[in-house]
Amino acid sequence: MGRLRGGLVVSCQAPAGHPLRDPEVIARLAECAVLGGAAGLRVNSAADITAVRRRTGAPVIGLHKVRHGHRDVITPTAELATELAAAGADMIAVDLTPESPGPGPALIEHVHGLGLPVMADVSTLEEGLAAWDAGADVVGTTLSGYTARQLPTPPDPDLGLVEALAARGVRVAAEGRYRTEEQVRRAFGAGAWAVVVGGAITDPIAVTRRLAAATPR
């Protein structure tokens, strides 16, 4: 975990139907991220982690997204967590919001039983404090703005949640809609332990869409 402290974690993911949806492509994105200075990676699925491991020994936060309701929930079962560990994850992310069908704190215990730390992905201060009290090693602001009661998703990251969690002694990973150097700096200024950036680095469709929206066409 110490290798991630104070660093940038790059989320290398691509959903089904995306042109980059291939484990080897994800692995190449991960390699590029490490060459660019990423302290670690966040990777979805055992298959992608296996491919990434062939290209880099950088720390990997593993997860497995499962569609549930209006969004994907993150590693909702012990079986999925076990698969991620076997594939080479160094930390496992789990969904600790009420929207996840997972077993909550029991899943944290299971991951610890595998010998790995847990990143609890949450959407509110209350969820984050509960996850920390339940033994999560890192609390991610990943899901702020994505739960049903928080829709529509705001455009900017939830720096207030980062600050509120850090002020209570929580080891917090700032994640969700970070797109600029200034936002990353502000997250660390608010007390973040690490910052996770995904689509702003690894999704050329999202980057192009955002910049194309500024053109006269």
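**Close-up 1. Glu 182 and Arg 185 sit about one helical turn apart, being three residues apart in helix H7 (residues 181-189).** Their side chains form a salt bridge (a side-chain nitrogen of Lys or Arg within 4 Å of a carboxyl oxygen of Asp or Glu), with the closest N and O atoms 3.8 Å apart. Arg 185 is exposed at 55% relative accessible area, while Glu 182 is partly exposed at 45%; here buried means under 20%, exposed over 50%, and partly exposed in between (1.4 Å probe, protein chains only). Helices (H or I, at least four residues) and strands (E, at least two) are DSSP runs, numbered from the N terminus. This is a predicted model, where local features need pLDDT of at least 70, side-chain atom pairs count only at pLDDT 80 or more, and totals for chains, interfaces and linings use all residues. Residues are numbered from 1 along each chain as its sequence is written, and side-chain values use heavy atoms, leaving out hydrogens and water.

**Close-up 2. Arg 42 and Glu 175 form a salt bridge, with 3.3 Å between the closest N and O atoms.** The pair links distant parts of the chain, 133 residues apart: Arg 42 lies in strand E2 (residues 40-44) and Glu 175 in strand E9 (residues 172-175). Arg 42 is buried at 1% relative accessibility, and Glu 175 is buried at 10%.

**Close-up 3. Arg 55 meets Glu 24 in a salt bridge (2.8 Å, N to O).** Arg 55 is in the loop between helix H2 (46-53) and strand E3 (60-63), whereas Glu 24 belongs to helix H1 (residues 23-35). A network of salt bridges links Glu 24, Arg 28, Glu 31 and Arg 55.
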